[in-house]
Structures are given as C-alpha cells and as structure tokens.
Amino acid sequence: MTLLDHLSIKSRVLVITFVPLILISLFFIKETYDHIKNNNNLHSISSNLKLNQLLFSYIDSMHMARMSFLSEVSTSSESLDSDILINRMLLKTINIESAKLHKEISKLDSTINKENNTLDAIIQKNESQINSLNNVYRLLIKNISTSKFEFINQKLNLLNQLNLIHYWALNEDWYTLLYSRFPSQQFEKQIDRFYYQQYLYIADLIQTEELNSDFQALKTAFDEKQSFQTNTNNYLSQIEENRNTVLSDLKQQVTDEIKNQQLTITGYSILLISLFILITGIGLSLSSRIRSYLKMVSLSMNSIEKNHDYSIKLSENGKDELTVFSSEMNILIAKRHQNEKKLINEKEEAENANKAKTTFLANMSHEIRTPLNGIIGMSGVLAETKLTPIQLDYLNTIETSSQTLLVLINDILDLSKIEAGNFAIYSQPSNVREVIFDTLSIDIAKATEKNLDLHIHISPDVPNFLTLDEHRIKQVLMNLTSNAMKFTHKGFISISVSFSHRVENEGYLTIAVKDSGIGINTNAKDNILNPFIQGDSSITRRFGGTGLGLTITNQLIELMGGTLDIESEQEKGSRFSFRIKTNIVNKKLPIPEKLEKLTIILVDDNSSLSRPLTEELHRYHINNIIVKKETDKITIFDSSKAIILYCVTSCLEENCREKLISIHNNNLNTPLVLVQKHKSRITTLDSIIDGLVTFPILGHRFIKTLENSLSIHQENQISINDVMHSTPLHSKSQNEKTSLNKEHILIVEDNLVNQKVASLFLGNSGYTFDIANNGQEAVEKFTDSEAYNIILMDCMMPVKDGFTATKEIRKVEKNQKRKKIPIIALTASILDQDISKCYESGMDDFIAKPFKKEILLEKIMTIK
C-alpha cells in the first residue's frame with residue numbers, strides 16, 4: 001500500500017484499466033497467432049493436396065509411357081505431360097517450403113522412349129523412380145504429421161495410402177506385363193512385393209471400423225483381381241474412385257476449415273478492438289469521473305473554507321459510490337455548519353465575557369489607581385515636610401503598603417491580559433543599556449538599604465540600539481531584580497548582558513540576573529513559575545508577595561520568543577537568564593554638544609571607577625579625558641571648559657567633605673561632580689558639588705548630570721565657611737534645592753486630588769503651572785497662550801478626553817505654525833491599547849498613575 005500511496009488516482013485508474021487490457025490483448029494476440037499459424041498450415045495442406053494430385057497424374061503419365069513402350073507406341077506427348085507435371089510439382093514444393101521434397105521430386109525422370117532407352121534401362125530407371133516416389137510419399141506423410149488438424153491428417157494420410165496403393169497397383173500391372181512377355185524371377189519378386197504392400201494397406205483400411213464400409217468394394221475388386229487375374233482396370237478404377245472421394249472430402253474440409261480460421265481470426269480482431277475501445281472508454285470515463293469529482297470536492301471545500309458559505313453542496317448526480325460519498329459529505333458539511341455556528345456563539349460569548357473581565361479589571365485598575373495616586377503622591381509631599389521619627393515611620397509604612405498594592409494591581413492586570421490573549425508585544429528601537437540603568441535606578445535604594453553590591457556587566461559586543469519592547473524588558477528585569485533584592489540578605493546582585501550575531505543585522509540578546517541569596521529548593525523549581533506559587537509556604541510568610549512575578553516574567557519572555565532559564569542552589573544563590581531574538585538598528589548615540597569640546601578631569605580616590613567611567617565617556621565620543629589621583633595637583637588652563645569628576649568609594653567620612661571643599665575652593669570656576677558607589681549615597685553636599693552620580697547607574701543619566709552641572713555650578717558659589725558650619729539638610733537633592741527651571745507647564749486633570757499632587761510636585765521643584773479641568777479647557781488655554789512649555793495630559797476626563805484634546809492641540813500647532821509642544825500622558829490605564837492610543841493621538845510619552853515625584857521630574861527633564 002505504501003507504493004500505491006505514491007501514485008495519483010488517475011495513475012491507479014489507468015493501471016487497473018490497462019493492465020487487464022494488456023493481459024487480454026496478449027491472450028487474444030496469442031490465440032490469433034495460433035489461428036494464423038493454423039491457417040497457414042491449412043494452406044500448406046491445400047498445396048500438399050495439389051501436389052498430391054500432380055503426383056498422382058505424374059504416376060499415371062509415367063505408367064502410360066512405359067506401357068506404350070511395350071506396345072511400341074510413341075510417347076512424346078506423355079513425356080511432355082510428365083515434364084509439365086514435374087515442373088508444377090517443383091513449384092508446389094517451393095510453396096510448402098520443403099527443400100528435401102523439392103530435391104526428391106527433381107530426381108524424377110520424365111523421359112521414356114525407344115531411341116534412347118532399352119528395356120533394361122527402362123526397368124532400371126523404373127526402379128530408381130520407385131525409390132524416388134517412395135521418398136516423396138514418405139516426406140508427404142511426414143509433413144502431414146506436423147499438422148494440428150487430426151481429422152484432416154487422417155484424411156490426408158488415407159489419401160496418401162490410396163495413392164501408394166494406386167502406385168503399387170500400376171507397378172504390379174507393369175511387372176505382370178513384363179513377366180508375361182519376359183518371364184523372370186526378378187519380375188515375379190517385384191509382383192509379389194507390390195501385391196503384398198497393397199494387401200497390407202487394404203487390410204489396414206478394412207480393419208478400421210469407420211472406413212470398413214467405404215473400402216469394402218476396393219477389397220472386393222482387389223480379391224477378384226487376384227482370383228481371376230483379370231479386372232485390373234476395374235480395380236484401378238475402384239482405387240481412383242475411392243481416392244477421388246477422399247480427395248474431394250478433404251478439399252472441402254480444408255476449405256471449410258480455412259474459412260473457419262479466417263472467421264475466427266476476424267472475430268478475435270473485432271473482439272480485441274471492441275474490448276480495447278470498451279475498456280479504454282470505461283477507464284477514461286472512470287478517470288474523468290473521479291478527477292472531475294475530486295476537483296469539484298476540492299473547489300467546493302475551499303470555497304466553504306474561504307467564504308464560510310455552507311449553502312454550497314456537493315453534487316449527488318448518479319448512483320455510484322461517489323454519489324454516496326457526496327451525500328455523506330453534505331451531511332458532514334451541514335453538521336460542521338451547525339458546529340461552527342455553535343463555536344462562533346461560544347467564542348463570542350467567551351470574548352464578551354473576556355472583554356467584560358478585561359474592562360472590569362481596567363476600570364477597577366483605573367478607579368484604584370486614581371485614589372492610590374493621591375495616597376502615594378501626598379505621602380511623597382508629606383515626606384518633604386518636617387516630621388518626627390515616629391511620624392516618619394508611619395509614613396514609610398503607608399508608602400510601603402501603597403507600593404505593594406500597586407505591584408499587586410499591575411501583576412493581576414498583566415496576568416489577566418496574558419491569559420486572555422490580549423497581551424501584545426510592541427517592538428521599537430531601544431537602547432539596551434538605558435533599559436538596564438532605568439530598571440536598576442528604581443530598586444537601587446533597596447540595594448543600598450541592604451548593603452548589597454551591585455554589578456552591571458554589559459559586553460562591548462552589545463549594539464547601541466536593538467529592536468525590543470522596551471517596556472516589557474523593563475518589566476521582566478524589574479521582577480527579576482526585585483526578587484533578587486528581596487531574597488538576598490548579603491553579598492551581591494549582578495546584571496549581565498551579551499549579544500551574539502546570527503546574520504548580518506540579526507542576533508540574540510541574552511540578559512541574566514544573578515544573586516547570592518537564599519536560592520531555590522530543587523523540589524520547588526518545577527512549580528515556581530506557576531501563578532500564586534513561591535518556593536514554599538515559609539517564603540510567603542517571611543518575604544510576602546503574591547507569587548505572580550515569575551509567572552508574568554516567564555510568559556512575557558515566551559511572548560517575546562525566548563525561554564526563562566533558572567539555575568539555583570539553596571543557600572548559594574540563583575541565576576535567572578533569558579535569550580530573545582532581535583534586530584540591530586543602525587543608529588548612533590547622539591554626541592552631547594555641551595560636552596563635546598570640554599575636558600573631563602577624573603580624580604580617582606582609590607575607587608577603581610576611572611576605567612568604567614572613561615569607557616562610558618568614550619561611548620558618547622567624549623575623548624578629552626585626564627585621569628589623576630587624589631594626591632595629584634589639578635591644573636586647568638581654561639576652567640570654563642572643564643568638568644572635574646571626583647570618584648570615591650564612600651563619601652560618608654569627614655575627610656571626604658574636606659577633600660571636596662579643597663577641590664571646590666581651588667577650582668571655583670570649574671563644575672565639580674561627585675561619583676560615588678551606591679552604598680554611600682550622601683545628600684549633604686548641595687553647595688559644594690554641582691552634580692552627583694551614583695555608580696553603577698551611568699548612561700544617559702550620567703551624561704545629563706554632567707550637562708546640568710554646567711548650569712547648576714553658577715548657583716553653587718557659596719562660601720566654604722557657610723558650608724562647613726551649616727547643618728546638613730535631610731533628604732534634599734540638589735535639583736530640588738537650586739532648581740532654575742523656568743518651564744511653564746499646563747496640568748490637564750479632572751481629579752482634584754491628582755491636581756493637588758501634580759501641583760505640589762511641580763511647585764516644590766520650581767516649575768510654574770496652570771490647571772485645566774478637562775480636555776476642552778486645555779485646548780482653549782493652549783490656543784489662547786503660547787507660554788506653555790510642556791503639557792501633562794490626563795486621558796479619561798469629562799467633556800473632552802485627553803486623546804481628542806491632544807489631536808486638536810496638534811491641529812492648532814499646524815494651523816498656527818507653532819513649535820510642537822511635548823505632551824506627557826498621565827493615565828491610570830496601563831492597557832497596551834490605551835498606551836498605543838496615547839502615541840497614536842500625538843502624545844510624546846506617558847506616566848502611569850500612581851507616579852512618584854522623581855519619575856515625573858525625570859520625564860520632564862528628559863522630554864524637554
């Protein structure tokens with residue numbers, strides 16, 4: 001069956017049609033060949049009969065010639081007749097294709113005359129003729145034995161026997177005449193020989209039951225001839241009569257058999273041609289029927305599949321198996337139509353239920369985030385006021401609980417979207433390094449609090465820009481780093497990034513997060529990726545959490561085409577890594593214009609930070625770098641074209657302040673930026689330094705800090721004595737203290753609490769602002785004034801939502817040919833479609849509620 005499966009239906013039909021046809025044809029060809037051969041044999045027999053007749057005539061002619069010799073009558077005419085008969089016999093032997101017979105006939109002599117022959121010569125020649133004729137009759141009988149027609153063979157054999165009896169009777173008569181004239185013992189022996197041969201053949205004929213009655217007269221004539229020694233002519237006449245009767249019957253039988261054979265051959269030919277036409281017609285008709293039927297089925301099913309048109313039915317014309325199959329298929333099509341309707345209805349119900357679920361979660365998320373934004377925002381504002389230690393502790397509890405609730409809301413919403421299949425990946429050119437630094441900057445406070453080492457290892461092979469879903473990569477990294485910090489009490493946390501090229505512009509990005517924490521139990525590895533599951537129940541009690549982080553992380557990585565790999569050993573740490581396929585974006589990092597012509601002086605106080613900082617500056621094409629030790633004297637020829645980076649492991653000691661004051665006083669016209677490791681985040685040097693870099697957070701933040709130090713330096717020219725005798729301020733950053741921001745911002749928000757939070761954040765940071773209560777007011781204010789530098793736009797508002805307001809503002813800009821103003825969305829919805837809608841409507845960035853002051857200010861600084 002395996003071999004037949006490789007053949008088409010058409011080929012199979014042709015095989016089952018033509019194989020029997022070929023076998024039948026071979027059979028008919030064989031039968032026809034046999035009949036043609038028999039027909040040829042019959043024609044040979046017919047020629048043999050003619051030869052037999054000629055031979056009979058020749059014997060009569062020669063007998064008359066030799067009898068004439070004794071009667072002294074001329075034999076010239078008999079001689080002429082004998083020549084003619086011999087020539088005819090020779091021609092007949094050519095037709096029957098017997099060389100030996102031809103040869104024996106050619107030996108026969110036709111000449112008997114007195115002039116050339118004596119009696120002894122004639123007697124001797126007669127003996128020779130007898131031998132030749134005996135050979136001729138022997139060969140004729142041999143040819144008869146090869147024939148397949150038994151009844152004809154019998155007749156032909158009988159004819160030859162009568163010819164021989166006739167021949168022997170003539171010889172007996174000849175020798176009797178010679179003996180009567182020339183008595184001789186030799187002649188007497190010949191007479192006895194020929195008599196005995198006749199006797200044997202006649203007795204044989206009489207003994208054959210079916211021939212007894214036919215040859216009884218011949219036997220009587222033979223007996224009478226012998227008894228009375230007379231009636232020879234009567235005997236010869238009787239032989240000729242029997243011979244002629246046999247010859248006539250034989251000719252008729254041969255003629256009839258030839259006609260039968262020819263009719264049989266014709267019948268076989270007609271039957272073969274008819275069978276060929278019939279079988280070929282049936283085969284071609286069957287092949288055409290099957291092929292056209294299969295084509296019809298294929299077209300019908302394709303049309304049903306493509307157009308879902310179940311009114312199409314397979315043709316049921318006929319009463320064969322294909323018609324039955326069509327009927328069964330039509331029943332299946334009807335059932336499929338019913339099942340499809342049922343599935344569509346169930347699918348619509350499921351989609352509606354899923355949509356209702358998603359809408360409910362989105363609405364609940366929006367409704368929860370709005371008041372939560374007020375709680376977190378006002379907590380942040382309250383934290384900047386003067387509080388007692390107990391009040392500060394209570395505020396930290398509120399902050400922690402709010403953030404935990406926010407994480408839970410995000411996780412549940414993401415899990416719901418993933419399970420519903422509504423989670424989409426949006427890839428765009430992204431800076432991988434900035435993704436790492438952005439993610440780590442959020443959790444770096446936890447590492448500082450737990451005194452954990454942070455290591456970032458980014459391979460030089462990693463391109464500057466890759467096609468990624470930056471938001472989801474951050475979400476994955478946030479989950480992995482948060483888990484690492486949660487479950488690590490001491491030691492380190494490291495993030496490593498590598499890239500391997502696949503083809504010219506494609507490759508695989510590998511990111512790994514490693515820690516020296518408590519690790520994962522071997523038995524728990526298989527279940528840890530399931531939702532609401534942690535390492536064991538004690539983990540939940542000791543560390544808290546919902547158990548959704550790794551589940552969402554794993555599913556996000558799978559959506560991006562990767563796999564989350566886990567390596568862990570209990571009490572020794574864990575390593576989580578994933579590898580995703582991405583494309584390289586041929587885009588260079590922008591060269592910071594403010595720093596391009598400046599000299600960067602790195603003063604390294606045994607911090608080992610000068611090398612990674614130098615490499616980072618080179619990435620941004622800043623090559624004018626001087627590296628000095630803390631003890632070296634700093635010589636600056638043009639103080640307005642230099643920035644000093646003071647690198648130190650920890651600046652908590654008093655001598656660090658003194659060194660900074662010394663460098664500051666010796667280089668009053670040069671900006672001073674402090675670079676310290678995250679473990680020692682000092683915040684009491686506002687008037688001494690012009691910028692603060694927390695290692696290992698570099699990238700855009702690092703470059704931005706250097707650029708901002710140029711403007712901030714102008715505001716930090718304060719007496720060193722005032723700095724040394726001043727009381728350190730609690731948790732005040734230099735950006736908040738000395739901000740010279742003059743941007744005028746339009747806050748578009750309908751919720752009074754959110755208006756208050758945003759107003760306090762911006763007002764305390766030195767920004768001026770106006771408030772619009774809905775989108776319509778925002779469009780009107782923007783149209784009437786060109787004083788706004790940035791717009792903070794809520795999305796869901798009465799009268800006119802933020803999306804419509806943004807589109808109208810973009811139209812106003814186009815109509816009035818105004819410069820495009822940055823618009824940042826403030827949205828409590830973090831659904832992918834809503835985020836995409838923000839960008840589609842013309843917004844430049846978005847901030848998810850609830851938001852922190854640092855995030856809001858960073859977005860403003862970045863976008864402006």
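Where does Pro-850 lie? In this predicted model, Pro-850 sits in the loop between strand E17 (845-848) and helix H25 (853-863). The peptide bond that joins Lys-849 and Pro-850 is cis. Its omega is about -5°. A cis peptide bond also joins Phe-695 and Pro-696, with omega at about 15°. Pro-696 is placed in the loop between E12 and helix H18 (700-712).

Strands of a sheet pair through backbone hydrogen bonds, either parallel or antiparallel. Here, five strands form an open sheet in the order E9-E8-E10-E11-E12. The pairing is parallel. Strand E9 (625-629) and strand E12 (691-695) are the edge strands. Each of these two pairs on one side only. From one strand to the next, the twist averages 20°. Within the sheet, strand E10 covers residues 642-648 and strand E11 covers residues 672-677. Five bridges link E10 and E11, in the parallel sense. Ile-644 stands opposite Leu-672 of E11.

The helices supply another packing arrangement. Helix H6 spans residues 150-181, and helix H9 spans residues 232-307. Their axes come within 9 Å. The crossing angle is roughly 160°. Angles over 145 degrees count as roughly antiparallel, and H6 and H9 are therefore roughly antiparallel to each other. H6 passes H9 in a left-handed crossing. The contact of H6 with H9 has 16 nonpolar residues, along with five polar and five charged residues.

Thr-481 belongs to helix H13 (residues 470-486). Its relative accessible area is 1%. The cut-off for burial is under 20%, so Thr-481 is buried. The side chain of Thr-481 reaches the backbone oxygen of Met-478, at 3.2 Å. Thr-510 belongs to strand E5 (residues 506-515). Thr-510 is partly exposed, with a relative accessible area of 21%. Thr-510 and Phe-578 are 68 residues apart in sequence. In space, the C-alpha atoms of Thr-510 and Phe-578 are 5.8 Å apart.

Backbone angles draw attention to two further loop positions. Asn-451 has a positive phi of about 60°, although it is not a glycine. Asn-451 is found in the loop between helix H12 (432-449) and strand E2 (453-458). Its relative accessibility is 48%, and Asn-451 counts as partly exposed. Glu-571 has a phi near 70°, a positive value in a residue other than glycine. The loop that holds Glu-571 runs between strand E6 (564-569) and strand E7 (573-583). Is Glu-571 buried or exposed? The relative accessibility of Glu-571 is 60%. Exposed means over 50%, so Glu-571 counts as exposed.

Terms used:
Residues numbered from 1 in each chain as written. Predicted model: local features only at pLDDT ≥ 70, side-chain atom pairs only at ≥ 80, totals over all residues. Heavy atoms only, no water. Pairing = 2+ DSSP bridges. Helix = DSSP H or I, 4+ residues; strand = E, 2+ residues; numbered from the N terminus. Axes fitted to C-alpha atoms, helices over the stretch in contact; angles between N-to-C directions. Parallel < 35°, antiparallel > 145°, perpendicular 65-115°, else oblique. Left-handed = near helix turned anticlockwise from the far one by under 90°. Nonpolar A, V, L, I, M, F, W, Y, C, P; charged D, E, K, R; others polar. Buried < 20%, exposed > 50% of the residue type's maximum accessible area, 1.4 Å probe, protein only. Polar contact = N/O pair within 3.5 Å; in protein donor to acceptor, adjacent residues only side chain to side chain.
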